[in-house]
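Okay, thanks for coming, everyone. Today I'd like to walk through some aromatic rings, so let me put the structure up.

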Amino acid sequence: MSGDPYRPRRVLVTGIGTYWGSRVARALEADPEVEVIVGLGVDPPEVELERTEYVRADASYSILARLIDATRIDTVVHTHLVVDASQMPARAVHEINVIGTMNLLAAVSAPDSAVRNLVVKSSTIVYGCSSGDPTWFREDTPPTRPPTTRIQRSLTEVEGYVRDFVVDNPHVNLTLLRFCKVLGEGLETPLTRALRLPLVPHLAGFDPRFQFVHSDDVVRAMLFALERHLSGVYNVAGDGVVPWSEVAAICGKRTVPLTPYGTALAARLMRPVGIDLPDEILELMRYGRGVDNRLLTAEGFEYRYTTAGAIDAFARALRLERTVGNARPVYRYQRDVETFFRHSPAVIRDPEPT
Amino acid sequence: MTTGGRARDDEARTGKEFVRTGEEIATTPSPPGHALEHLPASRPDATDQDAHRLGDVDEWGRSERWREVARRAYDPIYRRWFRVEWEGLERIPTEGGALLISNHAAAIPSDAPVIMHGIETELDRPVYGLADHMFRDLPVIGTLWSRMGGVVGHPDNAYRLLREQHQLVLTFPEGEKGPAKTYRERYQLRRFGRGGFVEIAMRAGVPVVPIAVVGAEESMPIVARSISAGRALGLPYLPLTANHLLLGPLLGTVAYLPAKFRIRVLDPIRFDVPPDQDRYSRSRIVEEAEGVRQRIQDELHLMLADRRSVWFG
């Protein structure tokens with residue numbers, strides 16, 4: 001494959017300090033054809049990385065153009081999009097998602113940029129969630145209503161920039177992946193927090209269909225997009241849908257009803273006691289959402305987990321945790337130590353992974 | 001941005017057994033695979049959607065277990081109260097997709113459950129009912145509606161059910177205008193929407209099976225109705241029914257009058273057009289929709305002329 005101009009060799013991963021950035025970087029490290037991995041982020045990596053270079057940057061990536069120019073990056077994996085509104089204030093979400101992506105795309109399309117591949121990790125949140133929705137959203141199904149939540153608005157704006165970018169830069173191969181709700185080891189989202197509660201909240205009288213994808217499949221899908229040079233929009237979601245009550249049941253939990261009227265107010269009252277259900281999740285608990293994943297499977301992608309499989313894996317992790325607690329070692333990034341391991345001639349490195 | 005449209009659906013449907021042609025294999029670079037190696041090997045349950053499931057709610061929200069319970073509870077109403085009689089049930093296909101079209105009536109429509117129950121018990125095939133998404137906004141009712149086989153009337157849903165899953169789909173093209181009719185306007189079919197059902201049947205390549213129902217109109221006749229009061233409550237209309245006058249506001253809302261039901265299935269209509277086209281002639285659609293409406297209307301007139309009594313048929 002030496003003659004393939006689109007083969008990723010020098011890769012930049014955004015959001016290296018986030019769950020996804022770190023894991024994508026770790027997966028890329030296993031590929032010997034990838035020569036350079038640069039991780040850009042506000043926070044240091046979450047997992048141990050062997051050869052990824054960590055560059056600290058502010059959330060809007062002002063240094064990006066220089067970085068891309070200096071390192072001759074040919075591939076950018078943009079994982080740093082916030083899809084969970086409960087993490088931070090709206091202002092910060094806007095700054096990271098919209099302004100960050102805008103600067104990233106500007107840097108990538110600079111005249112002397114060597115970038116040929118771009119993978120963007122978006123979310124099925126862009127389809128929205130309302131009673132008139134089709135049971136399955138295809139990649140080209142428009143949302144039923146204009147965006148209702150901040151996150152949806154923000155991601156819709158991001159996708160707008162991405163669309164313009166594709167028109168302006170036909171020489172760059174762009175894959176926009178829309179992921180549904182993720183379950184996986186070490187991943188904390190409003191839904192996993194809800195499923196960890198002794199009683200899982202549900203909206204009284206509603207039992208909508210939920211679709212999940214396992215975190216392994218998320219990382220695999222991003223690498224798959226790079227390896228197969230996919231271009232265009234793809235949904236990434238496990239096969240099948242499961243009603244919320246059954247999700248709780250698979251996790252071995254009972255449910256507690258929330259009022260179906262004035263839900264937003266009730267949710268706000270629960271926030272001080274540590275139960276945070278953002279608007280986007282409340283919508284999902286009312287109407288649910290299913291996306292058609294067949295475009296990606298038709299390209300040859302094989303999921304390792306179905307929706308129910310991902311829930312089951314999560315339930316197993318919950319049961320294990322109940323017995324042994326959170327005993328797994330937590331990785332802490334220490335710059336000096338990492339620099340030593342990466343650059344010191346004293347460290348004996350394996351010649352090539354086989 | 002390119003996304004696979006409908007043309008792609010057929011091959012995408014068989015995602016798991018999707019076979020690439022020789023040419024595609026030649027042009028697709030072989031994956032190096034190194035990057036994926038640290039991830040767990042393929043799991044036996046990776047493709048079985050039913051593994052780990054506890055319930056039987058399908059992708060549409062329908063549950064055969066719930067349906068079975070409902071059928072058992074509803075059967076006495078169907079047999080003893082409405083004393084439903086079918087004619088031409090053999091015209092409904094026993095396999096393959098078909099779009100069932102019927103007239104719609106009664107303040108809270110009694111025709112949908114009767115038709116669905118009849119076909120499911122007689123033909124042993126599930127029926128999915130396409131309806132307004134208003135149901136999904138109502139707690140409890142929305143969930144029950146969905147478990148019973150109710151699906152949002154979205155063209156994509158109809159296509160997937162009919163074309164890809166070869167199911168029976170029931171819909172009422174009059175929409176809410178059908179049940180909103182007052183007693184005086186009974187059995188006078190409303191406009192059949194904009195003929196969307198014809199377009200769906202054409203695209204899905206399935207026949208339209210018209211069904212004429214007599215009896216539903218008298219099971220809960222509307223004496224007066226208020227559109228604006230209904231809207232304020234999130235309903236399409238607020239009816240005052242004969243049932244309310246006879247049985248009071250509570251019982252009258254849930255209890256039907258024992259009108260005799262006669263249901264006649266008409267000859268299936270096949271549109272002689274290729275499926276999966278991007279668009280179909282608008283004038284043809286409107287014309288065919290009006291044709292179906294007229295056939296049901298004519299049949300209703302025949303059936304009403306034969307009917308001696310509202311209660312005994």
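Predicted model: local features only at pLDDT ≥ 70, side-chain atom pairs only at ≥ 80, totals over all residues.

Residues are numbered from 1 along each chain as its sequence is written, chains are lettered from A and ligands numbered from 1 in the order they are written, and side-chain values use heavy atoms, leaving out hydrogens and water.

Okay, pairs. Over all chains we get 11 aromatic pairs. Rings of Phe, Tyr and Trp (for Trp, the six-membered ring) pair if their centres lie within 6.5 Å; planes under 30 degrees apart are stacked, over 60 edge-to-face, and the rest tilted. One of those pairs is A:Tyr127 with A:Phe137, stacked at 4.7 Å centre to centre with 20 degrees between the planes. A:Tyr127 is buried too, at 2% relative accessibility.

Another stacked pair is A:Phe210 with A:Phe212, at 6.0 Å and 25 degrees. Both A:Phe210 and A:Phe212 are buried, and together with A:Trp244 they make one aromatic cluster.

Last bit: charges over rings, meaning NZ of Lys or CZ of Arg within 6 Å of the ring centre and within 35 degrees of the ring normal. A:Arg209 has its charged end over the ring of A:Trp136, 5.8 Å from the centre. In chain B, B:Arg147 lies over the face of B:Trp66, 5.9 Å from the ring centre.

Methods: Buried < 20%, exposed > 50% of the residue type's maximum accessible area, 1.4 Å probe, protein only.
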